[in-house]
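Me: I have a structure open on my screen and would like to learn how to read it. Could you take me through it feature by feature?

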Amino acid sequence: MVLEHLQLLAAITRIDNEINELQEELGDLPHEVRAMEREVRTKQQALDVTQRQIDDILQTRSNAQIRGQEIRDKEKKLGEQQYQVRNNREFDAITKEIESLKVELRDIEKTVSGTFLTEENLRRVYEGQADELGFVSDRLQDLEHELRDLSAGQGEEMNQFLVQRNELLKKLPQNIIVPYERIKEYHVDTTVAVKRNCCSGCFNSVPPQRIVEMRTYKTIFACESCGRMLYPEEMQHLA
Ligand SMILES: [Zn+2]
């Protein structure tokens, strides 16, 4: 009876290991997808910031160009007025006004030419950021496909393992299933062989006398160190 129970436990542990492996296969992928989603958002935000800076610089240039045209128009008008002055005082006043307009116009032209340089730099930054965004977006899409495919493919396999596990559990009494499930909360490989006089779960040594008792299959022994259920290595070959 104990032999049969131990063999069932060992078989369930093998299935639990398989299930665990499937879960681990998925394990990092959902996490990676989320990390890549954050990456895409960050890159998109950086790109948006640069786009706003480009819009700002174009607006600055447009405003400066409009103001520049206003100044040129005014200057032209003042130039015409200068021919119609009645005295030197008026002439000097207009000359002064024209001078100050010329100063402002030089500043504005400096501003306009500065915007071209800034725009060029920003466009270069934008291109780099757009490339990066494209790269992480592609990567995200790949990861999402991978996750979807893997989950879909696993569904069937996982189901089979769970069915097999249930079938085996039905053959065990509750007083064995309960401790098994409790140990499993700590160790996926809940039932392990004694190899070279050691628990193959934690590698703690098992006293030779204990192994001799184990081979009589009268009771189930737990590892004193890790609590896993133990069976003699040769049990796997017993019918
Ligand atoms: Zn152990």
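Me: Which residue in strand 4 stands opposite A193?

Reply: A193 stands opposite Y231. Strands here are DSSP runs of E with at least two residues, and helices are DSSP runs of H or I with at least four, both numbered from the N terminus. Before we go on, please note that this is a predicted model: local features need pLDDT of at least 70, side-chain atom pairs count only at pLDDT 80 or more, and totals for chains, interfaces and linings use all residues. Residues are numbered from 1 along each chain as its sequence is written.

Me: How many bridges join strand 1 to strand 4, and do the two run parallel or antiparallel?

Reply: Two strands pair if DSSP finds at least two bridges between them. Strand 1 (residues 191–195) and strand 4 (residues 229–232) have four bridges and run parallel. Besides the A193 and Y231 pair, T191 stands opposite M229.

Me: What is the order of the strands in the sheet?

Reply: The four strands form an open sheet in the order 2-1-4-3, with mixed pairing. Strand 2 and strand 3 (221–222) are the edge strands, each pairing on one side only. Strand 2 (residues 198–199) runs antiparallel to strand 1, with two bridges, and K195 has C198 as its bridge partner.

Me: How many residues lie between the strands in each hairpin?

Reply: Two residues lie between strand 1 and strand 2, and R196 in that turn has a positive phi of about 45 degrees. The hairpin of strand 3 and strand 4 has six residues between the strands, with G227 at a positive phi near 85 degrees.

Me: Are the residues of strand 4 buried or exposed?

Reply: The idea is to count neighbours: a residue is buried if 20 or more other C-beta atoms lie within 10 Å of its own, exposed if 12 or fewer, and partly exposed in between, with C-beta atoms placed from the backbone. M229 and Y231 point one way from strand 4, L230 and P232 point the other way, and all are buried. Across the protein, buried residues make up 9% of the 239 residues.

Me: Why is T216 classed as exposed?

Reply: T216 is exposed because it has 10 other C-beta atoms within 10 Å. T216 is in the loop between helix 4 (208–214) and strand 3. Its C-alpha atom is 11 Å from that of M1, though the two residues are 215 apart along the chain.

Me: Now the helices. How many residues does helix 2 have, and how far does it reach?

Reply: One compares the span with an expected value, 1.5 Å times one less than the number of residues. Helix 2 (residues 88–170) has 83 residues and reaches 116 Å from its first C-alpha to its last, close to the 123 Å expected. Helix 2 also bends by about 35 degrees at G155; the bend is the angle between axes fitted to the seven residues ending there and the seven starting there.

Me: What pattern does the protein follow along its sequence?

Reply: The pattern is α-α-α-β-β-α-β-β. The radius of gyration, taken over C-alpha atoms, is compared with a globule rule of 2.2 Å times the number of residues to the power 0.38. For this protein it is 41 Å, well over the 18 Å that the rule gives for 239 residues, so the protein is more spread out than a compact globule. Along its principal axes, the C-alpha trace spans about 130 × 35 × 25 Å.
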